[in-house]
Amino acid sequence: MDALLSLLSSFANQLQSPTLAFLIGGMLLAACGSKLAIPDAVYRFIIFMLLMKVGLNGGIEIRNADLAQLALPAVFAVVIGCVAVLLGLVTLGKLPNVKREDALATSGLFGAVSASTLAAAMVALDEAEITYEAWAPALYPFMDIPALILAIVLAKLAGKGKSGSKQNQLTAKQIIVDSLRSSALSALLLGMLIGFVVQPVELYEGFYELLFRGFLSILMLIMGMEAWSRLSELRQVAQWFAAYAALAPIVHGLIAFGLGYIAHITVGFSPGGVIILSIIAASNSDISGPPTLRAGIPSANPSAYIAASTSVGTPIAIAVCIPLFIALAEVVFPA
Amino acid sequence: MDALLSLLSSFANQLQSPTLAFLIGGMLLAACGSKLAIPDAVYRFIIFMLLMKVGLNGGIEIRNADLAQLALPAVFAVVIGCVAVLLGLVTLGKLPNVKREDALATSGLFGAVSASTLAAAMVALDEAEITYEAWAPALYPFMDIPALILAIVLAKLAGKGKSGSKQNQLTAKQIIVDSLRSSALSALLLGMLIGFVVQPVELYEGFYELLFRGFLSILMLIMGMEAWSRLSELRQVAQWFAAYAALAPIVHGLIAFGLGYIAHITVGFSPGGVIILSIIAASNSDISGPPTLRAGIPSANPSAYIAASTSVGTPIAIAVCIPLFIALAEVVFPA
Amino acid sequence: MDALLSLLSSFANQLQSPTLAFLIGGMLLAACGSKLAIPDAVYRFIIFMLLMKVGLNGGIEIRNADLAQLALPAVFAVVIGCVAVLLGLVTLGKLPNVKREDALATSGLFGAVSASTLAAAMVALDEAEITYEAWAPALYPFMDIPALILAIVLAKLAGKGKSGSKQNQLTAKQIIVDSLRSSALSALLLGMLIGFVVQPVELYEGFYELLFRGFLSILMLIMGMEAWSRLSELRQVAQWFAAYAALAPIVHGLIAFGLGYIAHITVGFSPGGVIILSIIAASNSDISGPPTLRAGIPSANPSAYIAASTSVGTPIAIAVCIPLFIALAEVVFPA
């Protein structure tokens, strides 16, 4: 009973965060028909800044990481990404009138990771003064890439060869290479590399970290507007996608929390790290995933998987899962 | 005599401000034919940042505002906006060869408000260490929206039904809704709402306030270049617009100063607040006004009202009215 | 022997700088086929911010400059710019199959100056805690403009009147005016003017200087990607350009170092100032030069001079010359 109350109060507390306020503010603007728009060039620059910040931080601190500690969570991240795709196939894919390709593309997106949700989680943890291993955000690609690859490979296996030669050209290797070449993963990995090799602490603290929260607030605003404007797209397709998009983040997060708990017991993975792993699992790819899936599963309807992700999945991941898993950790790992 | 000297010296002092230096610098660049251009995406982002900063600040502090105190200045702001439009109609509108629509569009713009001029005034007050009610900038929409609506409604009443159905579709309600939906007022109001509800002081100080003066300096540069390049447009139309544009900011500001003084005596409106109200009145809309007027009074010549505003009105408001009303306040309200 | 060892160790040390890491990182991204791209609007804004910062700083401090001290380095800057062009003509221009116009355009670019290389040098000096006269970066236009003018005038003298009236319209005066009107020099000179007249120290430190290193890191990233993508262009033209582009920065820098040493002895030019002059000489114009040369020597092949500059010359100037001349100064001017 006490645990439930503590979970609820911690959840209510998270709802007060500026990050969430900007997300809801963006939805409100779109709902009121505001003409406010953040220029696309600025949007892409903000994404770059956020990913470079996350990468640099991971790289700067990864030297101190105990590799034995990192290995198990990384393996778990791969497992979670693959399980998320398979789960989507046997739940969403079995619902009436849902096409197999649409189900696979959607579950691929929900197995993949959102850097913005991850960033929001990191800010929430800082605010709650919960520490975590600096390399924890580096678990991102270990979940992201396998999920996208598995979804595309399963879609190809199921394909009847209808769409011809173009589609067949995307091999698993190419999907990996394409993912790594995407602007999102490029910035993240380059940041990690530079952070690891030259450890530019002054530059990091005086610029990338300095501007991080502010740029994140603007990104949340943009994502809120985007989410609202795509709600109608989703309504046209199917209520099943909405139901899946609302539940999948929580289910994936809980699986990750369980595996993270195992890593906590066996290799001392920190409670903050368990939360990070859970949020990575709960998040769904909003930047790098859609173009990869559009190229990899061309027969899937983008309005289904993109609308499910941006208008339901991401708000649930940020507004529900972040406070939920912080609260859960406070109950499971008492100070 | 002493008062005049003190006014002159305070005026000369204001001319040294970086804000004004960038405005004049922009004019200088344009006059020399410089190819320097700030990309449009950056310009729109800077506007967003400035308005969000003003809104957040207003929202964060508005909780402490005494509503009885706010009410009278807000009523005065509405009155000033309407008086400005009517004054323009009976002065500029009566001059030889000046079309009624052009006079109404121009006085609508001069009754409306410029967020950049307001921002410049706030920086000038900070530099002069003059405090004001944090909700004072929130008087902006109380003057802006009534002025635009009145100008458009009067133009419609005067219209002979020439331009047909399209024009008649803009009702007063639609104009209010359109103004609130404009990117300028959206950002301002959202900032106020978020500031009021979640009070994100850390985010505000560490990002929006941190970057405010710098972005303002760039905006001033852009506006200086713009002002210079439109001087020739104005010359092609009429000297009357130039004369109106030079005098209206000062006259509107003086009316506001008088009403603000009444609010000072009756509800204790601060001297800094009186200056803010005067500058809001002296300013003329450079961002949100022109598109509203273009839609609302399509028969008016944009080169008349836009050139009058950007090339004469705004420089006068920033370079003359800000130092003038600060100096006047120092004489009227001795410390 | 000790001197050589000290030069080598100091050189190795410079290779650890974040600035260089981002340049190499950009090359790496391009080599791996990354899709990361910084939007053009952001790129142009970053250039503006960097130049305005350099200009403001120069202007703020130039009041304290001893004009007698400034005069000699300024004359030397003019001399170096002209010597660089003439040297290019008698070396690169004499090589087999190299067209005279291409040689002149290339040596014009290598005589001209890169603001980004200059900015990188300033950061490197700060990191090495080497002071220099604040007006030293203002030597930039004294070398840049004469080099571009001389290259274009020599190309015209050599021209057989083939390309007709259009080409003949660019007189020396117009080239000077065009250079001063370019966005690069406009921002630099306006910054100096504003810095000199109103000395906005608070604005400078709280915004332009605050963001300088961060924006520079992003610019280095962009330039690294650019350099890599143009390597192939260069291969198609000639190995001679590559050889010239690799050697010219070092040779020009050494000439400047020698003349700077004379200024050190005669008017007390600081060791840091000698390094700045050497790097200005070693740098080659990447922003303002190419459009000027494209207009001034239309018959020259841009892929020769632009590829030589961005893909070989600039990396050599930043990665080799900056550490080289810092190390050389440590040997020549022992503390």
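Is E129(C) buried or exposed? E129(C) is exposed, since its relative accessible area is 72%; buried means under 20%, exposed over 50%, and partly exposed in between, with a 1.4 Å probe and protein chains only.

## Basis of the model

This is a predicted model, in which local features need pLDDT of at least 70 and side-chain atom pairs count only at pLDDT 80 or more, while totals for chains, interfaces and linings use all residues. Residues are numbered from 1 along each chain as its sequence is written, chains are lettered from A in the order in which they are written, and side-chain values use heavy atoms, without hydrogens and water.

## Arrangement of the chains

Chain A is superposed on chain C by a rotation of 120° with 0.1 Å of shift along its axis, at an RMSD of 0.1 Å. That is the relation of a three-fold axis. In chain A, A41(A) has the C-alpha nearest the axis, at 3.8 Å. The superposition is by least squares on the C-alpha atoms of residues with pLDDT of at least 70 in both copies.

The copies meet through different surfaces, because only 12% of the interface residues of chain A are also interface residues in chain C.

## Core and cavity

The largest nonpolar core has 360 residues, and I218(A), I218(B) and I218(C) touch the most other members. Such a core is a set of buried Ala, Val, Leu, Ile, Met, Phe, Trp, Tyr and Cys residues joined through side-chain atoms within 4.5 Å. Leaving aside neighbours within four places in sequence, I218(A) is in contact (heavy atoms within 4.5 Å) with I38(A) and I46(A), and also with F45(B), F48(B), M49(B), F207(B) and Y208(B).

The largest cavity has a volume of about 200 Å³. Of the 18 residues lining this cavity, the closest to its centre are F45(A), F45(B), F215(B), F45(C) and F215(C). The lining has 18 nonpolar, no polar and no charged residues. A cavity is a set of points on a 1 Å grid over the protein atoms alone where a 1.4 Å probe fits but cannot get out, and lining residues have an atom within 4 Å of a point.

## Individual residues

T310(B) lies in helix α16 (residues 302–332) of chain B. At 12% relative accessibility, T310(B) counts as buried. Beyond its neighbours within four places in sequence, T310(B) is in contact with residues including E226(B), R230(B) and D286(B).

Most residues other than glycine have a negative phi. Q199(B) has a positive phi, near 45°, and E129(C) has a positive phi, near 55°. Q199(B) is partly exposed, with a relative accessible area of 29%.

Notes
1 Å grid on protein atoms, 1.4 Å probe; cavity = no way out; pocket = protein on both sides within 12 Å on 5 of 7 lines; lining within 4 Å. Points joined across faces, edges and corners; volume = space filled by probe spheres on them. Nonpolar A, V, L, I, M, F, W, Y, C, P; charged D, E, K, R; others polar. Helix = DSSP H or I, 4+ residues; strand = E, 2+ residues; numbered from the N terminus.
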